[in-house]
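Thanks for coming. I will go through one model today, starting with single residues and ending with the whole chain. Please have the structure open while I talk.

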Amino acid sequence: MLSLLLQPINITSFLWVIGIVAVIAIVFAALIVLVSKLCYVKEDEKAKAISENLAGANCGGCGYAGCSDFAKALSEGKASISDCGATDNESKQKIADILGIPFSASAETFAVVKCAGGINAKNKFEYIGNKGCENQILVMGGAKLCKDGCLGDGSCAAACTNDGISIVDGVPVTDKVLCTSCGACIKKCPKNLIELIPKTAVVYVACSSKCKGKEVMNACSVGCIGCGLCAKNCPQGAITMVENLPVIDYSKCSGCKVCISKCPRKTIKEL
């Protein structure tokens, strides 16, 4: 055995082995380069530039899986800049310049929940089941006696990517500073109780019930009874009654808060 190990190495054979290994390595390297070129997907430079100007929240409020998908849709003309609430107007203008389209800056907004029921609203039964408003509403429309009342099970808070919603006394409360207007909570609410209003707003209507006074009073102690005193006493004429509910025109509202003082149910809230 020792004598075999001590035998001189055949240099020619050794060089042949090294050469064969080197050729194989070169062939595989060439194949890797060829395959990478054949399979290369050219990056959409326009979509990349758009993505760099988006907020990067990846909240899904625009209806797409994330900012990259939204940027791609924008570059292909399949989406609108206004679909993204999280991106500021300055960045949206840059995106519009990239796309070569006009852009009109809109007022900054944030989300409010058009219900103040919670512990002030009556239940028709005690809900025991999977957590989440989308689950509760499957059981007879949810536990609240008011068909338009917030179920308070926190689906909107769970959907918020910026921790901008907390549940207080059975209803969601949004944080004006933390809210990015992404719209994720709006899409998640099964009763469509959340809307975006200008950040400059001083008041909002915390009710969505279109029922008449007596029915509202039987279901909730803070629900709007459609008396219209807020609209009658608004010095700016910024409030109109639509289907028993006050609707505020924020372009006219001066923030005088007369509506708050006149509302007998304290349904109009100060921000």
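**Two loop residues, then the rest**

Start with Thr87, which is found in the loop between α4 (67-75) and α5 (89-99). Helices here are DSSP runs of H or I with at least four residues, strands are runs of E with at least two, and both are numbered from the N terminus. Before going further, two notes on the source. This is a predicted model, so local features need pLDDT of at least 70 and side-chain atom pairs count only at pLDDT 80 or more, while totals for chains, interfaces and linings use all residues. Residues are numbered from 1 along each chain as its sequence is written, and side-chain values use heavy atoms, with hydrogens and water left out.

Back to Thr87. Is Thr87 buried or exposed? Thr87 is buried, at a relative accessible area of 5%. The cut-offs are under 20% relative accessible area for buried, over 50% for exposed, and partly exposed in between, with a 1.4 Å probe and protein chains only. The Thr87 side chain reaches the backbone nitrogen of Ala55 at 3.0 Å. If we set aside neighbours within four places in sequence, Thr87 is in contact (heavy atoms within 4.5 Å) with Asn53, Leu54, Ala55 and Lys92.

Ser181 is buried, with a relative accessible area of 5%. A polar atom of its side chain lies 2.3 Å from the backbone oxygen of Thr109.

Which strand does β1 join? It is β4 (residues 194-198): 5 bridges link the two, and they run antiparallel. Strands count as paired if DSSP finds at least two bridges between them. Phe110 has Ile197 as its bridge partner in β4.

Next, charges. Side chains of opposite charge can pair when their charged atoms come close. The structure holds 8 salt bridges, each being a side-chain nitrogen of Lys or Arg within 4 Å of a carboxyl oxygen of Asp or Glu. Lys72, Glu76 and Lys78 are linked in a network of them. In the Lys72 to Glu76 bridge, the closest N and O atoms are 2.6 Å apart; for Lys78 and Glu76 the value is 3.3 Å. Lys72 is partly exposed at 43% relative accessibility, Glu76 is partly exposed at 38%, and Lys78 is exposed at 61%. Another salt bridge joins Asp148 and Lys147, at 3.4 Å from N to O. Lys147 is exposed, at 59%.

Finally, the whole chain. The secondary structure comes to 11 helices and 8 strands. The radius of gyration is 31 Å, well over the 18 Å that the globule rule gives for 271 residues, so the chain is more spread out than a compact globule. That radius is taken over C-alpha atoms, and the rule is 2.2 Å times the number of residues to the power 0.38. Along its principal axes the C-alpha trace spans about 110 × 50 × 25 Å. Of the 271 residues, 37% count as buried. Among contacts with a separation of 6 or more, 57% are between residues 24 or more positions apart.

Notes:
Polar contact = N/O pair within 3.5 Å; in protein donor to acceptor, adjacent residues only side chain to side chain.
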